[in-house]
Amino acid sequence: MTELSMANDAFVATPIDDYELLDFGRGRRLERFGRYVLERPDARATGACRRSDWYADWIYVAPLNRGTWEPQRQGLHREWFITIEGLRLTVRLGEGGEVGLRPEEIIGWRWVRQRLEGCYHIADLRMLNLFAGTGGCSLAAISTGAHVTHVSAQAAHFELAQANVTSDAVNLVHADIRPYVEQMLRDGRRFHLVALTPPTFARGRQQTWDIKVDLQHVIRELPRLTTADCRGIWLGLAGGDWTADSVARWLSDTLPGRSVEALQLGIATADGRVLPAGVAARWFDDSDSTLAGSHQRRALSAHEIEERLDVYLDPVLSSRRTAAGPARSLAELPRGQQDFALHWIEVICRTSGEMAYQIAAHAAQAFGVLEERAVEAWIVRAIDVYDTAGLHPAIAALQEIDSFARELKEKAHSVVFADVVGILEHFVHGLSGRKLRVECGEESYTDTETLFLPAMVTRFPAKEDNFLLYKALLVHQWAQCCYGTHQADLPAALAGYPDPERARQLFHALEALRLNARIARALPGLYRRIEGLCARLQIALVPRGWEQWAQQLTAEGAGVDATLELLAQVFSEASLPPRLPFYGQLKPERAAQVRAARIAREKALFRHLLLRLGRDLEPHDEATEEPSEPRPARRFQLRRRCDEEPQEQSRFELELDGQPLAPPPELAGLMESIIQDLGDIPADYLVAAGEGPYHMREHAPSEATRDPWSGTYHEEGAFLYNEWDFKRSHYRKNWCVLREMDVHPHSPAFVSHTFAKYHGLVQNIRRTFEVLRGEEKILKRQTHGDDVDIDAVVEAHADVMSGLEMSERLFTKLQKVERSIAVMFMVDMSGSTKGWINDAERESLVLLCEALEILGDRYAVYGFSGWTRKRCELYRVKRFDEPYNDEVKARISGIRPRDYTRMGVTIRHLSRLLEEVDARTKLLITLSDGKPDDFDGYRGEYGIEDTRMALIEAKRSGIHPFCITIDKEGHDYLPHMYGAVNYTLIDDVRKLPLRVSDIYRRLTT
């Protein structure tokens, strides 16, 4: 039942920061706004003034219909800044006597901030601010962390709002209110809090606002604009003959079931007199954590709780099964716990009424043994089970409260992989050697490309020590990769022993001693902390009796061969020591398999890059004819740097025809990886590949099946991804099944037709992008070069004067460096792209590929579509490692409209592919014609919020998303998903091919 209170007084007591109501009377008011005092008319300022010495810097005079502000001295500004409750606002004198701030609105700001502060997942809450004025209420909302849609129709107010509100968390909209509300209703947009402060009469962009005619229509739509867990609605009226009770009753009749409070607004002077300033009503749920006015909150009775549960659980209730039992158990809880339980019951009932009933039935028992955060974890775990295993296992998980409490107690001091994987990934990427992935596994080991770590570490009673153990595990697996543990053929070497398993364990213990020494030299600070861990565990890093063997293995330059030699000597006499907790496991067979595949792949790639480097260094003259005889294979030489100076270049130099070359970053990283595997770069690697394209697919694992329905749900080749459920504020675990498949190729004639159609544009693209190709960079401290390096000469002279040998690196060299950009194009292949849109997308891709081939940027093209969460399909058009050849052109020609547009899972998968590319700048560019949509309810707010969360995840990984759309309604949702400046809208589909290349040029220069 709606609770409608009598009207209460709500005053703004002044002075408050830079504002003060100094006096009022005889139809005028005297106020201080920061540095200036203003006098202006106000019909509500009745009675006599208290002060006889009114002095103002500005006086508003209105002899007829239109007034003016008159300065009382020279040098006064018409615009200045003030600060109120931490919010910086612009004051600007307007023609109607307004100043850009209505002080009575501060009451609404405070209430909005109170309703939002402390909310769960505040960054996901959205507020709608209609008749938003100059931005004070919007600033108050974003100060809590919420996102705001700020809508204003009056040009003067909107201009001030643009000056006041500069945060990306606010979407500023200049539009007439009623048409914009209708547009939001068509889009299915809903908000967690709504504020309305409508004027009595105003002229908007195209329509006139009359409060007596238009306000009723806007309020009637509020139920469709608010979420089920709406934090509240504020309706404030400054003018007219409205009463507070009538405004409150209007809200209660439109949105029954919540509390509504009527307010008489006013502004108080320092001596306590109050100037009336209008009326307001605020609608809210008094079962949440915010107080209703100043009243003390009481616990809800069983009858009140049952009324709410009857609404939430109606689909699963019957004459035999009522909400009375759960209501009685919840009535015994304090009000805060009641609020918490009712909130989650309301959220979960949208997913499953039965799960919501079970939570209501067991919540009181859960609060008896768990804290509030633990109760939330108990609910979330059960919902994850429901998503992945179904209803009955989820109900069983809810009923296992005592076992969950025991697990939670054990986890109190533990460190979970999911919580620290980001930190560990950044840590290992900062270490030397090839870039390694970090993943969760049942055991801790490495296959030389991925470091597998356990899902949880609970060895120590302190979280800090458990996190340190995670780092020690990580570093030991990294050391195996970096310091050559798997350079030897370990499976063959260990198979020759009478007990291969004992030989493997003994080798691992000996090799760990060698790696400990390398870690101590490379990371002395971390090694000292590992020694501290061992001291707390009362175990020795060097087993008793192994001191002499440890001395041999810790010598400078000792490699894996030294470990194998020592193993042969001590196998019969050494006993197996206890394995230290941070050593992990050694899996030589798995590592050898991955290493062999990588060696073959990197050899081919290395020779291909040498070929490309040699071509780039040849002088090119278009007038020169190609030689009739094949060019002989070019041989390179490798030379290790002798100096230890920190430089951006590799530790190795290439020479071609006796001239030193600084290898580009891609080649330098590949050299490091090869040397890490083989100890050196063999001579046959230094012969550039022959003519012809390089195909990474010849060395890649076999592709997944084309049939999306073949196999089981967890089949090989299917990728499982989480999906964000904004209603729960949690992920649905392993919710979407995505499969990669190739686009069926079609005749490449479409490409030639596109070139003919856009012949002039193609020529312009070629000229424009030729200018952008490559950047010139000055390399310092070179042995040969174009000019003298003055800094190096000065340092060399100082060395000579000190008796040291003079360095040979005294020159600078101008080198053209390749652009380090990787771009992923994500192309919408949904059914809505049929016809003109599909043709425009394909033409855009043809022109883009032409431009990118000129630039030399690494790029990939994938299309996406699908049908429900179990059939998310990603269509490979061009991979990063593929050349732009006739096969790719045929795939572009074969792009055809298919099903629906589930964007979140696609963004997560393409981000994962982009993360594996070594580039300074990574772009994810989407070509789309509309918002996210799918057959199984992935539409409206749900699809937009999941896509937004996937884009946030991509940004956290260093990927820059951008969207190019032809959806004319894109301004309504794209700023929320991509940000205000990370999208562009093309109003005519026929302009898409003309604009895309230019957009890419602006993004990357």
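Helices (H or I, at least four residues) and strands (E, at least two) are taken as DSSP runs and numbered from the N terminus. The structure is a predicted model, in which local features need pLDDT of at least 70 and side-chain atom pairs count only at pLDDT 80 or more, whereas totals for chains, interfaces and linings use all residues. Residues are numbered from 1 along each chain as its sequence is written, and side-chain values use heavy atoms, with hydrogens and water left out.

Three strands form an open sheet of mixed pairing in the order β20-β22-β21, two strands being paired if DSSP finds at least two bridges between them. Because β20 (437–440) and β21 (445–446) stand at the edges with a single partner strand each, one side of each is left without a neighbour in the sheet. Strand β20 runs parallel to β22 (residues 450–453) and is joined to it by four bridges; in β22, Leu453 is the bridge partner of Cys440. Helix α15 (residues 417–429) lies across β20 and β22 and runs at about 160 degrees to β20, while helix α16 (residues 463–482) lies across β20, β21 and β22, at about 150 degrees to β22. Contact here means heavy atoms within 4.5 Å, and axes are lines fitted to C-alpha atoms, for helices over the stretch in contact, with angles running from 0 to 180 degrees between N-to-C directions.

The buried residues of helix α3 (residues 155–164) are Phe158, Leu160, Ala161 and Asn164, where buried means under 20% relative accessible area, exposed over 50% and partly exposed in between (1.4 Å probe, protein chains only). These residues cover an arc of only 165 degrees around the axis, which puts them on the same side of α3; the arc is that of the directions from the helix axis to the C-beta atoms. Their cover includes β9 (87–92), α2 (136–142), β11 (147–152) and β12 (170–174).

Rings of Phe, Tyr and Trp (its six-membered ring) pair if their centres lie within 6.5 Å, with planes under 30 degrees apart counted as stacked, over 60 as edge-to-face and the rest as tilted. By this rule there are 16 aromatic pairs. Trp867 and Tyr900 form an edge-to-face pair, at 5.5 Å centre to centre and 85 degrees between the planes. Trp867 lies in the loop between β33 (858–866) and β34 (872–878) and Tyr900 in the loop between α28 (886–893) and α29 (903–915), so the pair ties together parts that are 33 residues apart in sequence. Trp867 counts as partly exposed at 34% relative accessibility, as does Tyr900 at 22%.
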